[in-house]
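Visitor: I would like a close look at the surroundings of the ligand, and then at how that part connects with the rest of the fold. Could you walk me through it?

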Amino acid sequence: MALLKLDIADVRNIESASLSPGDGLNLLFGANGSGKTSLLEAIYLVSRGKSFRSPQAARVIRFGQPCLTVSGRIGQPGAGVVVGIRLGRSEKEIRVGGRSCDSSAQLIRLFPAVLIQPASVALLEGPPRWRRQMLDWGVFHVEQDYLDLLRRFSRALDQRNAVLRGDVSCSSLEAWSGELARWGTMIAEMRLAYVERIRTQVEEMVSALLGRTDAELVVRPGWRTGWSYADALAASLAADRRQGYTECGPHKGDFTVLVGGRPAKDYLSRGQLKLLTYALLLAQAGRLEADQPGRVCLLVDDIASELDGRNQERLLSLVKSIGIQSFITFSADAQRAAAAAGPASRVFHVEQGRIRADA
Ligand SMILES: Nc1ncnc2c1ncn2[C@@H]1O[C@H](COP(=O)(O)OP(=O)(O)OP(=O)(O)O)[C@@H](O)[C@H]1O
């Protein structure tokens, strides 16, 4: 069981709500604009310490209010820990087990949530940054020191770039290049190892959702394949000096999904691309659930968007088969589509920001 209880105040159109979710499927029904996404937003806030809709806190806080608060009890019944977030227009307070903490990392580790929404397709269509974030989220949950490693890399990168721009004496260039090569190689290796780790889940999910067995994730480290990062840095030194920044490294890493040997984003239909994105995210969730049972939570918004009835049913039964706590939104008239999921743990109705649980 992941989320045992949730208390929300002033998240978008939800003034105040409390709910006790079930440990399996939680189905949320409501008309357009009723507040279903706002409810998922509240859960995401306690999982990541930030909104998925907007980087600007003011947009998530209910109109006219100075701040929002969300708190959740996470863990096993009778033995959970309370985590919470209070978000103002320019300040944020995160609390875990009654204590303030200065980063969201603890929330992310304690309560990992995976969000699936129509906009998730940006994972495959959008800039490489989104794909790096997906990999880094996964590696973060496997490698205890990964965040620290990313910070070391980022510091070395800033320093090397400062030397390249001429802001700092060039005598330190070799030292910073060495640091960069060391941390960058580790990051790339961990990302690659993570992709290997989720490979089986990706194959299973793609097969269940798209009926294809020929999908393949190809990772690029951010420098010329087959080279060491140290050699790639040395080879790009002249160009780096001209540009004033480090061109290659894990900050340029990426992955491509090939289906039948071709880049999926270039030839799959939009609906298929969406299913492929969902398959990748479900693979991440499924892997984490296998590694740390009972921790991960799945948020699925607007399941019907651009998917036909059969694919909605496939997605629902796949989510159910992974067996993790999930929150899935449906428009008020989608009871039939939702029936494909079979009996849910809990059903909630959302109406003008108010949430009511089925008896
Ligand atoms: N900061 C805010 N304060 C108050 N209300 C807001 C705020 N931001 C958005 N809203 C309103 O909250 C309502 C709920 O939006 P939400 O996206 O949660 O609806 P939904 O049930 O997911 O709808 P849909 O099915 O159309 O996706 C909308 O009417 C929206 O205009």
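**The ligand shell and beyond**

Guide: Happy to! By class, two nonpolar, nine polar and five charged residues make up the shell around the ligand. Here Ala, Val, Leu, Ile, Met, Phe, Trp, Tyr, Cys and Pro count as nonpolar, Asp, Glu, Lys and Arg as charged, and the others, Gly among them, as polar. Please keep in mind that this is a predicted model: local features need pLDDT of at least 70 and side-chain atom pairs count only at pLDDT 80 or more, while totals for chains, interfaces and linings use all residues. Residues are numbered from 1 along each chain as its sequence is written.

The ligand is surrounded by 16 residues, and the closest are Asn13, Asn32, Gly33, Thr37 and Ser38; a residue is near a molecule if its C-beta atom, placed from the backbone, lies within 6 Å of it. Helix α1 (residues 36–48) gives the largest share of this shell, three residues. Helices (H or I, at least four residues) and strands (E, at least two) are DSSP runs, numbered from the N terminus.

From the shell, let us turn to the core. Ile43, Leu276, Ala279 and Leu299 have the most contacts inside the largest nonpolar core, which has 97 residues. Such a core is a set of buried Ala, Val, Leu, Ile, Met, Phe, Trp, Tyr and Cys residues joined through C-beta atoms within 7 Å; buried means that 20 or more other C-beta atoms, placed from the backbone, lie within 10 Å of a residue's own. With 12 residues, helix α7 (residues 173–210) gives the most to this core. The core lies between domain 1 (1–112 + 298–359) and domain 2 (121–294), because both give residues to it; these bounds come from an automatic or database domain assignment.

Not counting residues up to four places away in sequence, Ile43 touches Leu3, Leu6, Ala113, Leu299 and Phe327, where contact means C-beta atoms, placed from the backbone, within 7 Å. Leu3 in turn stands opposite Ile74 in β4. Strands β1 (residues 3–11) and β4 run antiparallel, joined by six bridges; strands pair if DSSP finds at least two bridges between them. In β4 (residues 67–74), six of the eight residues are buried.

Finally, the domains themselves: 14 residues of domain 1 are in contact with 17 residues of domain 2. On the side of domain 1 that touches domain 2, the largest share, five residues, comes from α12. That side has 11 nonpolar, one polar and two charged residues.

Conventions:
Buried ≥ 20, exposed ≤ 12 C-beta atoms within 10 Å, placed from the backbone. Contact = placed C-beta atoms within 7 Å.
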